[in-house]
Structure formats: structure tokens, C-alpha cells
Protein chains: 2
Amino acid sequence: KIVSLVDAFFQPKELPLKGKKVVITAGPTRERIDPVRFLTNFSSGKMGYALAEAANKLGAETILVSGPVSLPIPSGVTVEHVESAEGMLQAVLHHFDDADIVVKTAAVADYRPKYVHEQKMKKQAGDATLELERTTDILMTLGQKKTHQLLIGFAAETNDVEMYAKGKLAKKNADYIVANDVTREDSGFGTDTNTVVLIGKDNFEHHFDNMSKKQLATKLFETILAHEEDLQYVR
Amino acid sequence: KIVSLVDAFFQPKELPLKGKKVVITAGPTRERIDPVRFLTNFSSGKMGYALAEAANKLGAETILVSGPVSLPIPSGVTVEHVESAEGMLQAVLHHFDDADIVVKTAAVADYRPKYVHEQKMKKQAGDATLELERTTDILMTLGQKKTHQLLIGFAAETNDVEMYAKGKLAKKNADYIVANDVTREDSGFGTDTNTVVLIGKDNFEHHFDNMSKKQLATKLFETILAHEEDLQYVR
């Protein structure tokens, strides 16, 4: 499957992802506490939406599994809206078997409230504790299940970005991790630009300059496809 | 101050809030857990923004203290953006002394994480607990501090709406509570329409039909000002 991706990349028609199915997850998830309150994060969905637009322009059948964001849907892209980590997992699994490339940009909640209250909780005097349980790790689940799929994860970190990204790559059995430092002003959640390092499982490392998320989206696909081609000669 | 409000209401120029300062809070708050995660709620800010627009059209100097929402700012309204319950409290207190009417529509977090982590928390195996502490109750603080201000609160409930609203009115020393059932499809968070009951501290009760939040905003001010005028004759 990777070989055929690479072949396609060097077709003169410049639609390297033609005939391929690309699944991209984007945005935050919301984990409900009660009917009005929830846990979430600052993910804007911009990087994932830019990747979906790029994949579509490169010729792919593109499925965007999106948490709640306020962004226009890129033309030609099929969107599935989800709310929670569990909803996102189910939507991705539904498309996984016949996907060629899966890019997991979504900032999925690691924890959800253990108990979801059906009615609005009344406040009480004093402190409280919210009991949390782990959600299913989507990237790890996909890493365990993958057969032919190229699996690309994102790591949004605030410290020791590359160290965590390399650990994540190995632990999750992903093919690539795109690591970014979300504490940078010009990078991460909500910004229109991003500064990332692409790390491959064969110690491949490519540092991208700061650029718009739209530009970066296309360059990420191009760099990954070119590297996959290089790997063919090595193997 | 109330007397002068009522006088103004029956001026032929139909700008019953001219010369008055109206402070409105709107939207949700976000309570950070770490640099990327936070606790929040489904408040869209639509009711508060509609009330700010109505107050401005009725002639008031209008201050809108807004949590993070994605709504256009009504023209003529001064907006102060805040993120957390504490930020909202400080902004409201700053404007409270010389305010004539304060309408608290914001869905302010009752609890915030007791510890805010400076770096993104790494997930660990197994369950976790999030320790929470109470935020300052803004409506109660204003109720204790008020001298001449007309204080109007909102109660978004999922059950026993009127019972909770009447309790809130007394406990918070508010003049009016606008109660709505956020489980109704045509009412509450995110919808463009609302179905509410206005409850006054003198057992005044007015049920509004379901209508757009923009229409309701004007009708709420009109109903409250007319009732304040009635109270003058009773006293």
C-alpha cells in the first residue's frame, strides 16, 4: 500500500493521493459532567481542517472526524461531527479498515468524568472532587489494529516536546509524530501558524520553519510521501 | 434611583434607560486545569448579548462583561472580555458602584480546579480525581453589596425550575430572577429562542411565551420597568 502511495506521488498529474482514503481527526472533545458542564481543551481544529483541505486537493477521498469547533468545512471533504472521546473513537474505527492514511490531530480528552449526572448538579459549600476515568487511547488502539495504514499522530506538549514525541511514536506504534510546542506564541492551539518537528519511526526528523497551518498541511503530506519513497530504496 | 428609572420609562422619547448604566454579564467561564485543559459549560452568550443590544437601544450606557463566546459585539455596547469566574467577578465589581441595573446572565463556573498546573499534565494509568474549590458567588456578592442597584439574575435549571429560582431570589438578595428550563429544545443554552418565567421578590411572576432571545430581551426590560412603576403606587 505504501509502495503504491509513492508511485502515485510521482505521477505527472500531481495528485499523489488519488484513489487513497485519508481519515483526519480534528478539534477538541467535550466530556460531560452533567447536562450543562463539561471538560474540554483549547484545540481550535485549525491544523486538522487544514490537513483535510490539503488531502482533498492532493486527490484523496477525505473523511474529517471533527469535535466541536467553529470552522468552515473544506469543500470536497466529508465531515463527521462527534462530541466525546468515545464518539471520536467509534467514528474513526468505522473508517479505519479501508483507510490508507490516518492523521490524528484531535486533542482527545485523556480523562472523562466517571459519573455523568442526568440533572444539573447543585453546588454545595466547600471543596469537591470530580472522579475521572481514562478514555480509550485512540492512537494506541489504531497502532495495535493497523495492517497497511500509515498512522500519523500529533503531540501537543508544553515541555520536553521531542522527548515526549519520540516516546509516543514508539509506544503507540505510529509511523510519524508531528510534535509542536503549544506554549509558543506562533504555534499550537488557536493560532493560524505552527512550528513543528516531524519525527519518523526510523529516526527520521524534519524541522519545519514557522508557517501557516494551511501551508504546513501540504508540506507535511509531501514530506511524508517523499520519505516513504526514500524508505523503499533502503529496504 | 428606581423612581427615576420609572420616570424615564414614561418619557415620550421612549428611551427609558437614557442616562442609566446597565451592566450585563454573558457567556460561560473557563476554569483552567493546565495550559490546555479546562472546565466550562454550554452557555452560548446569546441571551446576554441580546440584553446588551436591547439595553443600548433603550438608551442605556451598556457594559457587557463577556466570557469566551463567538458572537458579534452589539454596536454601541462596551465589551470587557474575561475568561474565568474570578476575572468576571473583578470586572463586574469594577462597574458595580455606579451601575443602575445589573443583569447576570453569565453561566459562571461554581467550581474551579484547586490546583492549576503550569505544564500539561501527563496522563497516567487508572482513574484520577480532580480537586475542586468553590468560586466566589457573583450574584450573592452583588446582592450583599447593593445599595441602589436593581439586580437581575438568571437561573438555568434542568428540573424544579421555579422552586430553585424562588430560592435563589431570596438567598441572593436579587430583585428579579429569570428562570429557564435548559432541557427544553426551544429554550436555554445555544438556542435562538427562550421560554422563561420572570420572578420578582414581591411574589411577582410573569410567564413569557417562547420567543426569540432578541425579542425577549426588550420585553424583559419593559416588563421589569413597568412592574417597578406599579410598585411605586403600592409603597
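Colleague: How much area do chain B and chain A bury between them?

Modeller: This is a predicted model, in which local features need pLDDT of at least 70 and side-chain atom pairs count only at pLDDT 80 or more, while totals for chains, interfaces and linings use all residues. Residues are numbered from 1 along each chain as its sequence is written, chains are lettered from A in the order in which they are written, and side-chain values use heavy atoms, without hydrogens and water. Buried area is the accessible area (1.4 Å probe) that two parts lose on being put together, summed over both. Of this area 53% lies on carbon and sulfur atoms, and the total for chain B and chain A is about 3600 Å².

Colleague: How many residues of chain B are in contact with chain A?

Modeller: Contact means heavy atoms within 4.5 Å. On the chain A side 39 residues take part, and on the chain B side the number is 39.

Colleague: How many salt bridges are there between chain B and chain A?

Modeller: A salt bridge is a side-chain nitrogen of Lys or Arg within 4 Å of a carboxyl oxygen of Asp or Glu. One of them joins K123(B) and D110(A), at 3.2 Å from N to O. The count between the two chains is 10.

Colleague: Which element of chain B supplies the largest share of the side that touches chain A?

Modeller: Helices (H or I, at least four residues) and strands (E, at least two) are DSSP runs, numbered from the N terminus. Strand 3 (37–41), strand 8 (128–134), strand 9 (150–157) and helix 5 (161–172) of chain B each supply at least two residues of that side. The largest share is 7 residues, and it comes from strand 8.

Colleague: Which residue of chain B stands opposite L132(A)?

Modeller: Two strands pair if DSSP finds at least two bridges between them. In strand 8 of chain B, the residue opposite L132(A) is A128(B).
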